[in-house]
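Please look over the sequence and the model below. The report that follows covers rings, helix packing, backbone features and selected residues.

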Amino acid sequence: MTLMEEASSGRVPQSIERVARKEGIDPAKLARLVAAGRVVIPGNVRREGLDPAGIGEMLAVKVNVNLGTSQNLDSAEVEVEKALAASEAGADAVMDLSTGGDLDLVRKKILAAVKVPLGTVPIYQAAVKQELTSQGMFDALERHARDGVDFVTVHAGVNKISLERLRQDPRLMGLVSRGGSLTMKYIADTGEENPYYQEFDYLLEIAREYELTLSLGDGLRPGCIEDASDRAKYMEFIMLGELVKRARAAGVQAMVEGPGHVPADEIETSVRAMKHLTGGAPLYLLGPLVTDVAPGYDHITAAMGGVIAGMAGADFLCATTPSEHLDLPNREDVIEGTYVTRIAAHAADLTRPGVRERARSWDLQMSRARAALDWDGQFQAAINPARAKQIRHRRGLETDTCTMCSELCAIRLAKEAMEKERDKDPKRA
């Protein structure tokens, strides 16, 4: 049986037990959410030593980090370093989006190096090997599954129907999804339907065999503010909602990917619509980026959108790095993007049902340390202790306050004033 089927039978598999302990949720309740398809726990049956992560309703917002070679920069060792750096910075999952060098080698090295779930986009390999055919696309997908990949992005919502909407409602930037554009190329070149959509039942058979979680890709996501919230995007989500239903019926875990570039005032509507159209499937978003004009700072524009999206119900945020739109991320970019996205995820957790109490206890820990001017306590509570310590000590001045306030520290002055007030009135001591 698949994980969904085991959970539906009343059992609580080990992976669900482990996630329940990490999340502080009743295992039986989590099993019901997995059975209903409202939570996914990616974990290929061939993967060993996996530290499972739960994604979805009543759970903390998770963070994925993209990495992978390009045709200009194709060092497997560098990508492994980036994967380890992302994991050490607290990423809940990583995705290998490699398109350069020995793709099989890169994928296997990352799988061996990290314990977090690994995702891939198999159509990239089919394209690089010049096997952009129905057989080539399925061969690539099964190869990734055999290697132990835990979840795969398949752009099954990019099909003749959705492309017709795009033709009738043209965009400024067209398609910015690499997998979506490759699928569009296949349809245009062959005149045939998208194989992942046309033969979705076969796709489900492969997913069942390997306990492969499907991440139904947003190939029509808007790539700029001008294109946000158009008909093509919503047509794709209607398609993906239908495919989620079919995946659940087959006992296959599925989540749904979302945009993209979306102005802040449209994010909540977009997320709630996606959740509604897909039956509450776990929602995986890139950003959304709330403006187009911040190259070099798009880890911040994405985090801004990620907070709003997480508050509205998004479950999984894909980290954006400072090099977005500019360059292949390096190790430092990956670390920065991971922490900034984790901050966005935590900010959303402070508002999420079933999560907010545990999330707020972390902030309370920091607040108590700050109130006591306890610097070691503040470092322990920091999301990135090393960064906090580095900034605190970079001038070599050791004081019991920060060097901005110094002797005018508001916390210390107020504490001293309150102590004097208590001394005046012993009854209040």
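## Aromatic pairs

Rings of Phe, Tyr and Trp (its six-membered ring) pair if their centres lie within 6.5 Å; planes under 30 degrees apart count as stacked, over 60 as edge-to-face and the rest as tilted. By this rule the count comes to five aromatic pairs. Trp375 and Phe379 have ring centres 6.4 Å apart and planes at 40°, so this pair is tilted. This is a predicted model, in which local features need pLDDT of at least 70 and side-chain atom pairs count only at pLDDT 80 or more, while totals for chains, interfaces and linings use all residues. Residues are numbered from 1 along each chain as its sequence is written, and side-chain values use heavy atoms, with hydrogens and water left out.

Trp375 and Phe379 both belong to helix α17 (residues 375-381). Helices here are DSSP runs of H or I with at least four residues, strands are E runs of at least two, and both are numbered from the N terminus. Because they are four residues apart in α17, Trp375 and Phe379 are separated by about one helical turn. Are these two residues buried or exposed? Trp375 is buried, and Phe379 is too. Buried means under 20% relative accessible area, exposed means over 50%, and partly exposed lies in between (1.4 Å probe, protein chains only). Elsewhere, one aromatic cluster is formed by Phe138, Tyr196 and Tyr202.

## Charges over rings

A charge sits over a ring if NZ of Lys or CZ of Arg is within 6 Å of the ring centre and within 35 degrees of the ring normal. Trp375 takes part in such an arrangement: the charged end of Arg392 sits over its ring, 3.7 Å from the centre. Tyr124 has Arg178 over its ring, with the charged end 4.3 Å from the centre.

## Packing around helix α4

Two packed helices are described by the angle between their axes and the distance between the axes. Axes are lines fitted to C-alpha atoms, for helices over the stretch in contact, and angles run from 0 to 180 degrees between N-to-C directions. Helix α4 (residues 76-88) and helix α15 (residues 331-349) have axes that come within 9 Å and cross at roughly 25°. That makes α4 roughly parallel to α15. Angles under 35 degrees count as roughly parallel, over 145 as roughly antiparallel, 65 to 115 as roughly perpendicular and the rest as oblique. The α4 and α15 crossing is right-handed. A crossing is right-handed if the near helix is turned clockwise from the far one by less than a right angle, and left-handed if anticlockwise. On the α4 side, Glu81, Lys82, Ala85, Ala86 and Glu88 meet Arg331, Val334, Ile335, Thr338 and Tyr339 of α15. Contact means heavy atoms within 4.5 Å.

Helix α5 (residues 103-113) also packs on α4, at an angle of about 30° and with the axes 9 Å apart. The two helices, α4 and α5, are therefore roughly parallel to each other. Their crossing is right-handed. Here α4 contributes Ala76, Glu77, Glu79, Val80, Ala83 and Leu84. They meet Val106, Lys109, Ile110 and Ala113 of α5.

## Backbone features

Which residues does a cis peptide bond join? The bond links Gly287 and Pro288, with omega about 0°. Pro288 lies in the loop between β9 (283-286) and α14 (298-312).

Met58 has a positive phi, near 70°, in a residue other than glycine. Met58 sits in the loop between β2 (55-56) and β3 (62-67). Its relative accessibility is 24%, so Met58 counts as partly exposed. Ser229 also has a positive phi, near 60°, and is not glycine. Ser229 is found in the loop between β7 and α12. At 27% relative accessible area, Ser229 is partly exposed.

## Selected residues

Gly217 is in the loop between β7 (213-216) and α12 (231-249). Gly217 is buried, with a relative accessible area of 0%. Neighbours within four places in sequence aside, Gly217 is in contact with Thr153, Val154, His155, Glu236, Leu240 and Glu257. Leu182 is 35 residues from Gly217 in sequence, and their C-alpha atoms are 13 Å apart.

Glu268 belongs to helix α13 (residues 264-277). Glu268 is partly exposed, at 40% relative accessible area. Not counting residues up to four places away in sequence, Glu268 touches Ile308 and Ala312. Asp201 is found in helix α11 (residues 200-210). Asp201 has 49% relative accessibility, so it counts as partly exposed.
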